[in-house]
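User: I want to learn to read strands, helices and cores in a model. Can you take me through one?

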Amino acid sequence: MSKLKYIFIGIFCLFLFNAKANNWSHREKDPTHEIKIKSHSLFASEGTKYQWYLNNIKINDATSQELEITSPGIYKLEMTNFDGDVIEKQTIIGLTNSGAIIRVFTIGDSTVQDYASGYYPRKGWGQVLPIFFNAASVTVLNRAVGGTSSKSFYNSFWPAVRDELQAGDFVFIQFGINDRNNADPARYTPIGGEFEGYLTKYVNETKAKGAFPVLVATLRRNAWNTDGTVYDAYHDHPVATRTTAKNLGVPLIDLDAKAKVLLESVGETYATRLLYNNYEIGEYPNYKNGNADNVHFQEMGAIEMAKLVAQGIRDLSADPNVKKLIPFLKPEYQIAVAVNPVGADIVTTHTTSYPQGLTITLKTIPKTANTFQNWNNAAGGQLSTAVLTTVTSGTSATSYTAMYKGATACVASITTTTPTTFCAGGSIELTANPGSSYKWFSGTTQVGTASTYKATTAGSYTVEVINSAGCKATSLAKALTVNPLPLITQYAKIDAGTWLTTATASVCEASTVNLGPQPNIAAGWSWTGPNNFTSTLRNPVLTTITTANAGTYTSTYTDANGCKATSSFVLQVPKPTAAITSASGTLIPYTGSILLNASTGTGYTYQWKKDDIAISGATASSYTANSAGSYTVTISAMCSLTSPAIILTAAAAPKKYIYTYDNSGNIAWTNTNSWTPKAVPTAIDTVIIRTGEVQINALTHAAPVYVETNGILRLVTANSTVNKINMQGGTLKVFTSSPELALTSDITVEQPSTIMAGSVPATVFTLNGTITGNATLTKTSVGILRINSTATSFKGNWIVTEGKLQVRSATGLGVCGVQILNEARLDIEVAGASIYSLMLANTAGVDLDQNLNVNVAVFGTENILSGAFKNANYPT
């Protein structure tokens, strides 16, 4: 089974990569499979297959062991080792497009520039900004020049900076202070077009070099309004910077707005004594007579401004270019500063966080009535007896206390009853020592005010405790670590297939499913699933799958830190329905067929089989079967299922039966194919009535019936349907005791034949269907013969010797003639009846309820002209 391992490598600087590469040969076996760097190339360890990615995008044709570095970003390698394992490695390369360490240029005025040691502690924020970055990946080049405006810097210093720029560099641009000096034409750059124009030149010319411009809105001067807010000393130039950044679509660090928030949070006294370039007499050797400067910064002020710039970079995480700097900003750690007793000072360095490596000034200014004694460190040890001292920021949180005369013993500590490492989603309760009030901090952010705090995130936690005497102390930092929950990636292998990264699978019955989630660690797993499935294996195997195995399988993994994660794998076992139905039974009519229908469903495909042999082209949901056999259909919809068989039989071929009567009372059936004598004909058998009388009751017959000269077909009791009757000189009659019978048939009169309608007048014999042929039909017996048949093609004559011929079909008499003899009668009950000739005996009669159209009419011996006749107007 393939294994996917995730190992993340930290941020490497170029020179560290080179140093490691000097003692490494890319041909040696490397069990750790680390990515190595040599010059400007990445090297993978020995393997059989490679694929490189940059920022999660596959690099085309990057399938070799070596990859040249062409761009900064996150490089990832997927390689297959000699064991067939797939291994993934990742590293962040902090390089410019030219392959160099990222460079940040700062340009601006004296609030940004570098200062020599003879000016200490005066510094510009550009001078301390480098310490906020990992110098192995980012170099800050401060090119700011004091006294310059956007115009004067562009004219005098920008060309050299511009020529030095390379693709991938950054340029941070701050102007607006000296631009307001209208007494100096070389520097005066008013807003309303000129100032904006110079900012635009910086932006466009930076972009032209392939570098990335960042505008910085001018910071604040130490000037205050009477209401305690900071005076807007530089007025419209910060506004113009914001507008220009928006119009040009370039990132902005609004140092003006950020400085305003900072200054108003610490107040005017703090800003004057601890941030700006103001010193008491003798406070610093370089300013023996003191100094008053509310424009420039002392070191702590420059640090605070650089800290705001670093925060501005983090705020621009959505910018595709500036975000490249964020991984290389150092983490910041809190330095908590307290005064004991509280209120003994006018102002003291405040609590905040810093990256490692800064020189932090601890300064406290006593009130007149109070005496400063010493600075204590976090452990309570004495650090210095001077009101002003310095420390270097480190890689963990710490605290310092300004101790004054009359200080009480006050402490702050944090205790826990559980380990300081916990799993994501969990928590740890932090408890402070007894006091009167509390302030909990995560880093520099206040998070609570109770004696306990429930921490749910990683960080460096401190508590500030004030006792009943007002003494305030800040605890040592308690570092909490949150272990991430393990990440479960579901893998599965179906039957003999390859391993796939998937959390769901659809398989057919009888399949085998191998479950193999990552991480590839044997211990710590448990599974639950359908049908009370449980397992403690990482990679359980499900064999001989049925639909009962379908459902959700939940894996739980507990890592070495005790952190637990769950993940689900959904198994689907689709099974089509397979059945055959027939609306016509299972007997195939002679020369006919039966339509078979299979179950239907979305995505179904079909293959019909007869006697287990596939029928070519039979791939629809229905099949017309015309031969006997065992039929099945195999239905597929990812999985296949074969229906139960349906057995079809074929009807026997039709026979021909000849009926004769031997005058001895015996009835004999014979047939031309030597079937058993006296067998009863089926509906498809041809029947020939040759001699004697055949009586039928409710006959339904599909094959022809022939009534020869000496044969009689007699209907008894119930109605019958005969597909075709051929009258070949015989007789068609009804059983006298039945008052009314009907025959539906297509009658063909081939030879003069007879129809007997019953021996009692009340009998009604109805003909439905058609009458064709050329021979004469004679109606005998006293019963009524009712004609519903269509006879448009009948060219024989009707002769009525007895009873009544009742016509209810306009064409029922045919096209030739009718003779009504003796005392017989013709009854016309339908409109539109017509006949060529009508011969009526003197003793005969007609009942013309509707007009009868004739061409020739003879009543007795009298010829009548053609016309239409009714009861009211035919001659007597």
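Analyst: This is a predicted model. Start with a strand pair. Strand 16 (residues 332-340) and strand 18 are joined by four bridges. The two strands run antiparallel.

User: Which residue in strand 18 stands opposite Tyr-333?

Analyst: Strands of a sheet pair through backbone hydrogen bonds, either parallel or antiparallel. Here, Tyr-354 in strand 18 faces Tyr-333.

User: In what order do the five strands of the open sheet come?

Analyst: The order is 18-16-23-20-21, with mixed pairing. Strand 18 (352-355) and strand 21 (382-384) are the edges, each pairing on one side only. From one strand to the next, the twist averages 35°.

User: Which helix lies across strand 16 and strand 18?

Analyst: Helix 9 does. Its direction makes an angle of about 80° with strand 18.

User: How do I read a helix pair? At what angle do the axes of helix 7 and helix 9 cross?

Analyst: Check distance, then angle, then hand. The axes of helix 7 and helix 9 come within 10 Å and cross at roughly 125°. Helix 7 is therefore oblique to helix 9. The crossing is right-handed.

User: Which residues make the contact?

Analyst: An α-helix has 3.6 residues a turn, so residues three or four places apart point the same way. Now the case. Helix 7 contributes Leu-255, Lys-258, Ala-259 and Leu-262. From helix 9, the contact residues include Glu-304, Met-305, Leu-308 and Val-309. Gln-311, Gly-312 and Asp-315 of helix 9 also take part.

User: Which residues touch the most other members of the largest nonpolar core?

Analyst: In soluble globular proteins, nonpolar side chains tend to be buried together. The largest nonpolar core here has 63 residues. Trp-125, Phe-172, Met-305 and Leu-325 touch the most other members. Helix 9 gives the most to this core, with nine residues. A second, separate core has 51 residues, among them Ile-755, Val-800, Ile-835 and Val-854.

User: What does Trp-125 touch?

Analyst: Leave out residues up to four places away in sequence. Trp-125 then touches, among others, Leu-255, Ala-302, Met-305, Ala-306 and Val-309. Its partners also include Thr-106, Thr-111, Val-112 and Gln-174.

User: One more helix. Which residues of helix 8 are buried?

Analyst: In helix 8 (residues 268-275), Tyr-270, Ala-271, Arg-273, Leu-274 and Leu-275 are buried. These buried residues pack against helix 7 (255-266) and helix 9 (299-315). They also pack against strand 15 (297-298), strand 17 (345-348) and strand 19 (359-366).

Definitions and conventions: Residues are numbered from 1 along each chain as its sequence is written. This is a predicted model: local features need pLDDT of at least 70, side-chain atom pairs count only at pLDDT 80 or more; totals for chains, interfaces and linings use all residues. Side-chain values use heavy atoms; hydrogens and water are left out. Buried means under 20% relative accessible area, exposed over 50%, partly exposed in between (1.4 Å probe, protein chains only). Contact means heavy atoms within 4.5 Å. A nonpolar core is a set of buried Ala, Val, Leu, Ile, Met, Phe, Trp, Tyr and Cys residues joined through side-chain atoms within 4.5 Å. Two strands pair if DSSP finds at least two bridges between them. Axes are lines fitted to C-alpha atoms, for helices over the stretch in contact, and angles run from 0 to 180 degrees between N-to-C directions. Angles under 35 degrees count as roughly parallel, over 145 as roughly antiparallel, 65 to 115 as roughly perpendicular and the rest as oblique. A crossing is left-handed if the near helix is turned anticlockwise from the far one by less than a right angle, and right-handed if clockwise.
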